[in-house]
Amino acid sequence: GLKKWEDPIQLKGLIVHELSHAMDYIMRENDLIDTEYRAYAMQSMYQNVIPFIDDIISKQNTNKTKKVHKVKI
């Protein structure tokens, strides 16, 4: 579903949203309540995921640029 998002900021917001659900699950399953742990874990998860998202966004932008430049007069 990543290709459906035109706005990179909106896409990254969705990633944070979904990571939050994952973190809630991890904390609930391990009886964790420390909000500082949650914050650092979310940060780490985001830092591990976002390079892949940036790569997808970069490739999409490159493909859009290529399409524009293929027009011949």
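With which residue does Lys59 form a salt bridge, and how far apart are the closest N and O atoms?

Modeller: Lys59 pairs with Asp55, and their closest N and O atoms are 3.3 Å apart. Bear in mind that this is a predicted model. Both residues belong to helix 2. They are four residues apart, about one turn of the helix. Asp55 counts as partly exposed, because its relative accessibility is 38%, between the 20% and 50% cut-offs.

That pair is one of three salt bridges in the count. Next, take Lys12 and Asp54. Their side chains meet in a salt bridge at 2.8 Å, N to O. This pair links distant parts of the chain: Lys12 is in helix 1, Asp54 is in helix 2, and 42 residues separate them. Asp54 has 34% relative accessibility, so it is partly exposed.

Then there is Arg38 with Asp24. Here the N to O distance is 2.6 Å. Again the pair links distant parts of the chain, with Arg38 in helix 2 and Asp24 in helix 1, 14 residues apart. Arg38 is partly exposed at a relative accessible area of 23%. Asp24 is also partly exposed, at 33% relative accessibility.

Now the setting. The protein chain has two helices and zero strands. Helix 1 covers residues 8-29. Helix 2 covers 35-69, and the loop between the helices holds Asp31. Asp31 is not a glycine, yet its phi is positive, about 50°. Its relative accessibility is 70%, so Asp31 counts as exposed.

The largest nonpolar core has 10 residues in all: Leu11, Ile15, Leu19, Met23, Met27, Ala41, Met42, Ile50, Ile53 and Ile57. Helix 1 and helix 2 are the elements that give two or more residues to this core. In soluble globular proteins, nonpolar side chains tend to be buried together. Look at Leu19 within this core. Beyond its neighbours within four places in sequence, Leu19 is in contact with Met42, Met45, Tyr46 and Val49.

Helix 1 also holds His21. The side chains of His21 and His17 are joined by a polar contact of 2.9 Å. His21 is partly exposed, with 43% relative accessibility.

Finally, the whole chain. Buried residues are 14% of its 73 residues. The chain exposes about 6,100 Å², and carbon and sulfur atoms supply 58% of that. Of the contacts between residues at least 6 apart in sequence, 54% join residues at least 24 apart.

How values were computed. Residues are numbered from 1 along each chain as its sequence is written. This is a predicted model: local features need pLDDT of at least 70, side-chain atom pairs count only at pLDDT 80 or more; totals for chains, interfaces and linings use all residues. Side-chain values use heavy atoms; hydrogens and water are left out. Buried means under 20% relative accessible area, exposed over 50%, partly exposed in between (1.4 Å probe, protein chains only). Contact means heavy atoms within 4.5 Å. Accessible areas come from the Shrake-Rupley method with a 1.4 Å probe; for residues, only the protein chains shown count as cover. A polar contact is a pair of N or O atoms within 3.5 Å; within protein, one must be able to donate a hydrogen and the other to accept it, and residues adjacent in sequence count only if both atoms are side-chain atoms. A nonpolar core is a set of buried Ala, Val, Leu, Ile, Met, Phe, Trp, Tyr and Cys residues joined through side-chain atoms within 4.5 Å. A salt bridge is a side-chain nitrogen of Lys or Arg within 4 Å of a carboxyl oxygen of Asp or Glu.
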